[in-house]
Amino acid sequence: MYSPNDTIQIALIGAGGMGQGDTRLATSIPGVKLVAACDCYDGRLTRMKEAYGPDTFATRDYHEIVARKDIDAVIIATPDHWHSRISVDCLNAGKHVYCEKPMVHAIEEGQSIIDAQSKSGKVFQVGSQYRSSLAYTKAREFFEQNAIGKLNSVEAWLDRNSAIGAWEYSIPRDANTKTCDWNQFQGNAPKHPWDPARFFRWRNYRDYGTGVAGDLFVHLLTGLHTVTNSLGPTRIFATGGIRYWKDRDVPDVMLAVLDYPDSEAHPAFNVMLRVNFKSGLPRESFGVKFIGSEGVMTADFKGVSLDKLPQTDEFDYTIKSFAEETQKTLTAAWNAKHLSPESRIQQGSGEYLDTSANEPQLEHHKNFYRSIREGQPLIEDPTFGLRAAAPALLTNESLFQRKIMTWDPKKLAQGSV
Ligand SMILES: NC(=O)c1ccc[n+]([C@@H]2O[C@H](COP(=O)([O-])OP(=O)(O)OC[C@H]3O[C@@H](n4cnc5c(N)ncnc54)[C@H](O)[C@@H]3O)[C@@H](O)[C@H]2O)c1
């Protein structure tokens with residue numbers, strides 16, 4: 001345990017877009033200091049020294065970070081195929097880990113992280129920051145208050161309409177085999193000759209990334225599990241294709257349907273997920289819509305809205321053709337069956353909570369350091385991380401194998417339902 005005056009010294013492993021963003025937020029928290037950075041492209045190590053000072057220790061090989069005793073915690077923001085291996089090595093060396101989502105590149109890797117975390121007793125936070133968002137926190141409160149009645153289905157989408165949204169990232173002019181450590185980048189992935197597109201646009205290739213599934217569906221499932229307290233789906237089906245952005249082996253349009261079983265937290269419901277990289281306007285759109293028997297709730301980038309369905313108009317239109325006394329009897333019977341006294345009061349009332357001032361990513365990092373320093377309960381442990389990542393990755397398997405996939409969210413195992 002650290003005293004309030006102790007500085008927590010951190011290192012960044014994978015100093016690209018997200019890693020540098022994570023580090024900026026982490027080091028804005030009092031008592032957190034970056035001392036080292038690791039990356040396979042020299043230009044990013046130079047950038048880290050520019051931002052954090054020339055004394056920042058810089059290396060291409062993460063083992064040099066693992067070996068340093070002065071590093072208490074690491075942020076891992078490499079491509080997905082490195083997440084589990086570096087996480088396990090860092091946990092085994094006694095370091096706390098903040099690992100970007102998706103926690104794993106393949107489902108089988110999940111248990112090794114759970115075991116290493118439990119053996120080490122170190123804090124392991126998965127970086128799906130929307131779990132710390134106010135929009136989901138509020139949506140969970142509504143859900144727990146039964147504000148939408150019985151949950152029937154969920155529709156979630158994350159659409160994009162730009163080259164960057166489709167992972168067509170910039171390739172620097174000096175990218176070559178001297179400035180980029182291609183071996184270190186590839187690791188255990190299948191070997192290919194040097195290819196700057198594979199290096200800088202790795203999300204487009206299954207060897208390193210997880211496509212729409214692990215990059216974006218995982219955010220939607222994290223939100224869904226946060227709000228409903230669900231452990232996960234049991235049946236998963238997906239389809240899609242490479243429609244517009246062709247320079248890849250993962251789809252740029254993907255649709256998935258998932259079955260969530262009855263549980264203590266909720267009745268059985270169905271989920272539809274969608275990602276489309278040529279989706280029309282607006283440039284980016286994100287939402288998770290919870291559809292219940294008595295209302296609809298939607299969480300998005302800006303907040304959460306709650307609309308109660310007007311249930312009084314639901315009678316058969318023939319009712320007015322009956323005698324008045326019959327109309328009254330039928331109306332009373334319908335109300336007693338369908339409307340709780342609470343829902344009658346709230347009917348039609350729209351509620352909207354603007355959460356745009358909330359910074360989920362900063363909150364997520366704050367929780368990580370409070371957990372290290374004060375033992376505050378962690379928001380996103382590896383078991384939660386695997387329960388979000390595994391069904392997301394199974395949407396890929398469903399699409400690639402053209403099969404319905406099964407998952408046991410309690411046992412964290414495939415195919416036993
Ligand atoms: N939570 C979020 O909202 C969010 C957003 C973006 C990215 N991410 C995740 O962050 C991770 C990084 O994504 P990015 O957009 O920053 O990618 P990026 O390509 O910008 O950065 C990845 C960096 O990792 C480096 N790298 C590769 N292999 C390495 C190794 N063995 N050791 C050290 N460095 C290595 C690369 O050289 C590159 O600089 C991904 O897993 C991604 O899914 C999360």
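This is a predicted model: local features need pLDDT of at least 70, side-chain atom pairs count only at pLDDT 80 or more; totals for chains, interfaces and linings use all residues.
Reader: How are helix 4 and helix 5 oriented to each other?

Author: The axes of helix 4 (residues 83-92) and helix 5 (residues 110-120) come within 9 Å and cross at roughly 10°. Angles under 35 degrees count as roughly parallel. The two helices, helix 4 and helix 5, are therefore roughly parallel to each other.

Reader: Is the crossing of helix 4 and helix 5 left-handed or right-handed?

Author: Helix 4 and helix 5 have axes that cross at roughly 10°. The hand of this crossing of helix 4 and helix 5 is left-handed.

Reader: How are helix 1 and helix 12 oriented to each other?

Author: The axis of helix 1 comes within 9 Å of that of helix 12 (residues 360-374), and the two cross at roughly 65°. Helix 1 passes helix 12 in a right-handed crossing. Angles of 65 to 115 degrees count as roughly perpendicular. Helix 1 and helix 12 are therefore roughly perpendicular to each other.

Reader: Which helix supplies the largest share of the shell around the ligand?

Author: The ligand is surrounded by 26 residues, and the closest are G14, G16, G17, M18 and E100. Helix 1 (17-26) and helix 7 (182-186) each supply at least two residues of the shell. The largest share of the shell, 3 residues, comes from helix 1.

Reader: How many residues of the shell around the ligand are charged?

Author: The shell draws at least three residues from each of domain 1 (8-131 + 362-380) and domain 2 (134-358 + 387-414). By residue type, the shell divides into 11 nonpolar and 9 polar residues, and the charged ones number 6.

Reader: Which residue in strand 6 does E100 stand opposite?

Author: Strand 5 (residues 96-100) pairs with strand 6 in the parallel sense over 4 bridges. E100 is also one of the closest residues around the ligand. In strand 6, the residue opposite E100 is G127.

Reader: What is the bridge partner of W157 in strand 10?

Author: Strand 7 (residues 151-160) and strand 10 (residues 269-276) run parallel and are joined by 5 bridges. Strand 10 also pairs with strand 9 (residues 253-260), in the antiparallel sense over 8 bridges, and there V253 stands opposite N276. For W157, the bridge partner in strand 10 is R274.

Reader: What is omega for the cis peptide bond that joins K101 and P102?

Author: Most peptide bonds are trans. P102 lies in the loop between strand 5 and helix 5. A cis peptide bond joins K101 to P102, with omega about -10°.

Reader: What is omega for the cis peptide bond that joins L281 and P282?

Author: The loop between strand 10 and strand 11 (284-292) holds P282. The peptide bond between L281 and P282 is cis, with omega about -5°.

Reader: What is phi of N146 near?

Author: Most residues other than glycine have a negative phi. N146 is found in the loop between helix 6 (134-144) and strand 7. The phi of N146 is positive, in a residue other than glycine, and is near 65°.

Note on methods. Residues are numbered from 1 along each chain as its sequence is written. A residue is near a molecule or strand if its C-beta atom, placed from the backbone, lies within 6 Å of it. Ala, Val, Leu, Ile, Met, Phe, Trp, Tyr, Cys and Pro count as nonpolar, Asp, Glu, Lys and Arg as charged, and the others, Gly among them, as polar. Domain bounds come from an automatic or database domain assignment. Two strands pair if DSSP finds at least two bridges between them. Axes are lines fitted to C-alpha atoms, for helices over the stretch in contact, and angles run from 0 to 180 degrees between N-to-C directions. Angles under 35 degrees count as roughly parallel, over 145 as roughly antiparallel, 65 to 115 as roughly perpendicular and the rest as oblique. A crossing is left-handed if the near helix is turned anticlockwise from the far one by less than a right angle, and right-handed if clockwise.
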